[in-house]
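This report looks at how the parts of one chain are held against each other.

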Amino acid sequence: MTRHGPSALLFATMYPQTVMSMMVLTPPVVAEQVTATYGLPAETAGLYAAVSYFFVAVGALSTASLISRVGPLRLSFACIVAGGLALAIFGLGSFAWVVLATVLMGLCYGPLTPASQQAIANADPIANIALFLSVRQTAVPLGGMLAGLIVPALVVRSNLETALLVLGLGVTLSGLLAGSLLGVVRHEPRAPRAPARAGFFAPLRLMLTHRSLLAISFASTVYGALQLVVSSLLVVFLMRELGRDLVTAGLMLGISQAAAVIGRIGWGLVADRVGRLRGTLGAIGLGMAGACTAAWLLTPASPDPVVALVAFLLGATTSGWNGVFLASLMQAVPTAQAGFVASGALLFSYLGIVLGPPLFGALAAFIGFPAAFLLLGVLAVGGTALCWLPPSPGAPRRQIVDI
């Protein structure tokens, strides 16, 4: 239990996620400059997300043992200190440093959500937990917004290497200062000992033996795929299929990203109000299916306000599920195992994030973007069905040991 209030805990869990999200999204924001500076083919930029999220998954798997040694909040601030150094390394001027920095940033990003889950679970009970976690998860789009606002301006005023060095070292300094000044971090109690004999793949093995957790984790694979498809390919769909210009398509993407923030908070409010987390998580899947069907119905003749409405619905549903999902995980297990379970479940989410955009792109090449969106809607209904499966008898709050 902690002496500090929910606001301090919210900041202490949001700040590392926001900053680390900004750093992980920095290379894609300046992808053209990166490939030109280091003499890389343009196609290399597409490999960044796959490599990065592979090591994000590795970092997430390592979280359980690190939490027990360091403490969840201390671990989170250590990650942004190391992540800032990694971003500075990115700007040292060779392909080898780029690869090393990508690996390190992925490893630093992976532990943040599981560590935050454990820190929140360790604190005094929070009445509106789904809303709290949903607000915390707005750190991800907020980090993306910061990357878009800060990084290009730094590059224009100096050069790529200097911009990355300044930003990386600035983040490292901020992490050291915030971690040492925040009382909720400085006075964090020692974390519970890790489960006995829990190996590196123990979180994944847990998912495979717990039917209820496995079901919503597979649902998160579908939801994660839809989230990245919308954020990465919406502009292409609007320009290629609907004939919109780049400015209009960019505006629609901005609407969808604003809706993502609204959706995360709104779905958290709904989940707390109705008191059924898995039920709400399934309802979000139905919302995704409806939004994808609406995208399928769009034509080049569709008025811009209608396209904007569809973009809003896509953003609010495909990016609105994260906080409710994390609250569902926290509800299913003992307090001491919240971070352990999150590290395993998020592997399924990351699988969808990595595979979703390339598979959707290949599908769109064969059957067209509208039909591909319709098929995504069908998959979203499948995610709903997984969320609404009845829980295993005796599964809720099961103690996780000796895995």
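## Two salt bridges

Arginine 74 counts as partly exposed, at 32% relative accessibility, where buried means under 20% relative accessible area, exposed over 50%, and partly exposed in between (1.4 Å probe, protein chains only). This arginine 74 forms a salt bridge with glutamate 188, the closest N and O atoms being 3.8 Å apart; a salt bridge is taken as a side-chain nitrogen of Lys or Arg within 4 Å of a carboxyl oxygen of Asp or Glu. The pair links distant parts of the chain, 114 residues apart, with arginine 74 in helix α5 (residues 72-90) and glutamate 188 in the loop between α11 (183-186) and α12 (202-209). Helices (H or I, at least four residues) and strands (E, at least two) are DSSP runs, numbered from the N terminus.

A search of the whole structure finds two salt bridges, and arginine 244 with aspartate 304 is one of them, with closest N and O atoms 2.8 Å apart. Here too distant parts of the chain are linked, since arginine 244 lies in the loop between α13 and α14 and aspartate 304 in helix α16, 60 residues apart. Arginine 244 counts as buried at 10% relative accessibility, whereas aspartate 304, at 36%, is partly exposed.

## Basis of the model

This is a predicted model, in which local features need pLDDT of at least 70 and side-chain atom pairs count only at pLDDT 80 or more, while totals for chains, interfaces and linings use all residues. Residues are numbered from 1 along each chain as its sequence is written, and side-chain values use heavy atoms, with hydrogens and water left out.

## Helix α14

Helix α14 (residues 246-274) has 29 residues and reaches 41 Å from its first C-alpha to its last, close to the 42 Å expected when 1.5 Å is multiplied by one less than the number of residues. Aspartate 245 caps its N-terminal end, a side-chain oxygen lying 3.1 Å from the backbone nitrogen of valine 247, and glycine 275, with a positive phi near 75°, follows the helix. The buried residues of α14 pack against α8 (129-137), α9 (139-157), α13, α15 (277-297), α16 (304-318) and α17 (322-332).

Among those buried residues is serine 256, at 1% relative accessibility. A polar atom of the serine 256 side chain lies 2.7 Å from the backbone oxygen of leucine 253. Leaving aside neighbours within four places in sequence, serine 256 is in contact (heavy atoms within 4.5 Å) with Leu234, Ala311 and Gly315.

Beyond its neighbours within four places in sequence, methionine 20 is in contact with residues including Cys79, Met105 and Cys108.

The structure holds zero disulfides, a disulfide being a pair of cysteine sulfur atoms within 2.5 Å. Cysteine 79 is in no disulfide, and the nearest cysteine sulfur, that of cysteine 108, is 5.3 Å away. Cysteine 79 is buried at a relative accessible area of 6%, and cysteine 108 counts as buried at 10%.

Key: Polar contact = N/O pair within 3.5 Å; in protein donor to acceptor, adjacent residues only side chain to side chain.
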